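User: I would like to learn how to read helix faces and charged pairs in a model. Please give the general idea, then the case.

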Amino acid sequence: MAKAKRPVAPKGLADAGKSLWRSILADLDPGWELDARELYLLERACRCADELAALEAAVDRDGTTVTGSRGQTTVHPALSEARQLRLVQLRLLTAIEVADPAVRTATPAQARARHAAESRWGTLNRRAGRG
């Protein structure tokens, strides 16, 4: 079986984004591919990685505190932005369902619903003495 050609990183990604793109695709089992929705989510996550790198560079350059508008010491605004961006990136990466294409669910929401149903029915079966 020939190894499937992996998509190239989208134009405009910087080093952090390209690195994330390559590492995610390298972790896929041979023959598995991401669909268009998942590739879009991966691209957005890679752009988050680039933005995070820029924010982290600003904090490295300026320190964790900066001088506010009234001369007071305040937390660097890039720290808050980076925290929020990490959450967005996590959600994007979590939405990429890496599963066997033959048994893959249509959406991450369906995967969560299936898991919830299995948990519920498993609990009900144990209570009824059937599990």
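Analyst: Helices (H or I, at least four residues) and strands (E, at least two) are DSSP runs, numbered from the N terminus. This is a predicted model, in which local features need pLDDT of at least 70, side-chain atom pairs count only at pLDDT 80 or more, and totals for chains, interfaces and linings use all residues. Residues are numbered from 1 along each chain as its sequence is written, and side-chain values use heavy atoms, with hydrogens and water left out.

User: Which residues of H1 are buried?

Analyst: Buried means under 20% relative accessible area, exposed over 50%, partly exposed in between (1.4 Å probe, protein chains only). In H1 the buried residues are Gly17, Leu20, Trp21 and Leu25. They line one face of the helix, because seen down its axis they fall within an arc of 120 degrees (taken from the directions from the helix axis to the C-beta atoms). Asp15, Arg22 and Ala26 are exposed on the face turned away from the buried side of H1.

User: How many salt bridges are there?

Analyst: Side chains of opposite charge can pair when their charged atoms come close. A salt bridge here is a side-chain nitrogen of Lys or Arg within 4 Å of a carboxyl oxygen of Asp or Glu. The count comes to four. One of them joins Arg47 and Glu43, at 2.8 Å from N to O.

User: How are Arg47 and Glu43 placed in helix H2?

Analyst: An α-helix has 3.6 residues a turn, so residues three or four places apart point the same way. Arg47 and Glu43 are four residues apart in H2, so about one helical turn separates them. Glu43 is partly exposed, at 22% relative accessible area.
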